[in-house]
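Student: Can we go through this structure together? I'd like to know what the labels rest on.

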Amino acid sequence: MDRWLERGETGRERDRRTDGLVLSVTVRRDTRRSDQSETGTGNTLQRDTCEHDSTGDRQTEREREHWAQNLPEVQMEQDVESTVTVRQPKLPKQARDDVPKPLQDRERAKQKIQRYVRKDGKCNVHHGNVRETYRYLTDIFTTLVDLKWRFNLFIFVLVYTVTWLFFGFMWWLIAYVRGDLEHIGDNQWTPCVNNLNGFVSAFLFSIETETTIGYGHRVITDKCPEGIVLLLVQSVLGSIVNAFMVGCMFVKISQPKKRAETLVFSTNAVISMRDGRLCLMFRVGDLRNSHIVEASIRAKLIKSKQTKEGEFIPLNQTDMNVGYDTGDDRLFLVSPLIICHEINQHSPFWEISKEHLAQEELEIVVILEGMVEATGMTCQARSSYVASEIKWGYRFTPVLTLEDGFYEVDYNSFHEIYETNTPSCSARELAEMTARSRLPLTWSVASKLSQQGLLDSQEEPREKRSGGGGGGEAEELTERNGDVANIENESKV
């Protein structure tokens, strides 16, 4: 009786636990069925409770049959009409930390790729713990040019303001020491600087002297030798400050860094077949009508390596041949050009296949250099391609079309690529398969037969001379003919 009561009381809401999964059962019933079942079940429970309190363990067959018939219906309705929601348990921190590190590293690599050179050409390297900071001051001009514009303008204004204030204070000090400030308005007194009656007027006179404005109201007299010396010093130092600061600003304004903004690289690099060879290609272009003079292109592979002695070299740089031997690295960059790197035995991609490339952690840095035609200054544009930006089995869409009397470049298709048939194996495997397929053709049967005929012609005089030793030579000739027959069969296959 107690067992049935417990099942009746807990039949509406249950917790099932299986391997750490919590099954939340939400019972949906029809209103009439739920009312009837709840009413019947409530009356039965009440009657069973009374009998249990009064008679103890006495049970009737009617009550047992009632529970045996009603409970399966209730359970079946719950199993059919209930909605089961499976909730995955939240792993504790210790369990999350127990995930293998290779899996964690792979997930982090997928989420974020650390570049050595960003797509805009800026190097993603920060110098830290530089103790010899005085070296920056030894080359103060380059330091000022390399500063950001806001700092450069601040230093520009600060230097001029400090020099004006300093020499203004010196002119005021001379007037104060000589007593010119005590004889203001005295026509019989000859001051060092006429109409200098305070620090403000001395500051204005300093600005007029250094900038050579010369309003004519405040002038130096010939009765003040110390003022004449100070005038010479301020004129010389003012010229030096002007040359330094104006030169610094001019160099910073005329830097060819902004010229590189109009030198564009394709978003992706591609690997496909060209002239029967597997090649890695990317595209460069110049958006301006003024061209880059003596343009040249370079490419480097950035990849960590470990030597045979066990030394680990992070971010090792390997040159990639983009036409240095043939002169193709010298560009006439009038229209967009496709730069090609042939993957041969000297290429770092010689043993890399399509599947292997997806697992590699490498970066290709491309550098375009040349002189700006307008200024003659050297300009350098950079970009990079990581493994996910190298598309295997694609080619670039043509962008150059012939119009009425001129060629037109469509830069809307500059970054577009299309898929092409390309073997997914590495260049080394492709070369080996090509060599095996061409072996019967290069090592032809005709050349072998001609060599064999020459040997036979040389052997005939020997047979005539020897006479008796023809059996062994005949067998040898039969073996050679058999070899030639095997060669013919191989060539047919």
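Student: Which residue in β6 stands opposite phenylalanine 265?

Tutor: Valine 284 does. Keep in mind that this is a predicted model, where local features need pLDDT of at least 70, side-chain atom pairs count only at pLDDT 80 or more, and totals for chains, interfaces and linings use all residues. Residues are numbered from 1 along each chain as its sequence is written, and side-chain values use heavy atoms, with hydrogens and water left out.

Student: What makes β4 and β6 a pair?

Tutor: Two strands pair if DSSP finds at least two bridges between them. Strand β4 (residues 263–265) has three bridges to β6, so the pair qualifies. The two run antiparallel.

Student: Why is aspartate 404 called exposed?

Tutor: Buried means under 20% relative accessible area, exposed over 50%, and partly exposed in between (1.4 Å probe, protein chains only). Aspartate 404 is at 73%, so it counts as exposed. You'll find aspartate 404 in the loop between β15 (400–402) and β16 (407–409).

Student: How many residues of β6 are buried?

Tutor: Nine of the ten in 277–286, so that strand is mostly covered.

Terms used: Helix = DSSP H or I, 4+ residues; strand = E, 2+ residues; numbered from the N terminus.
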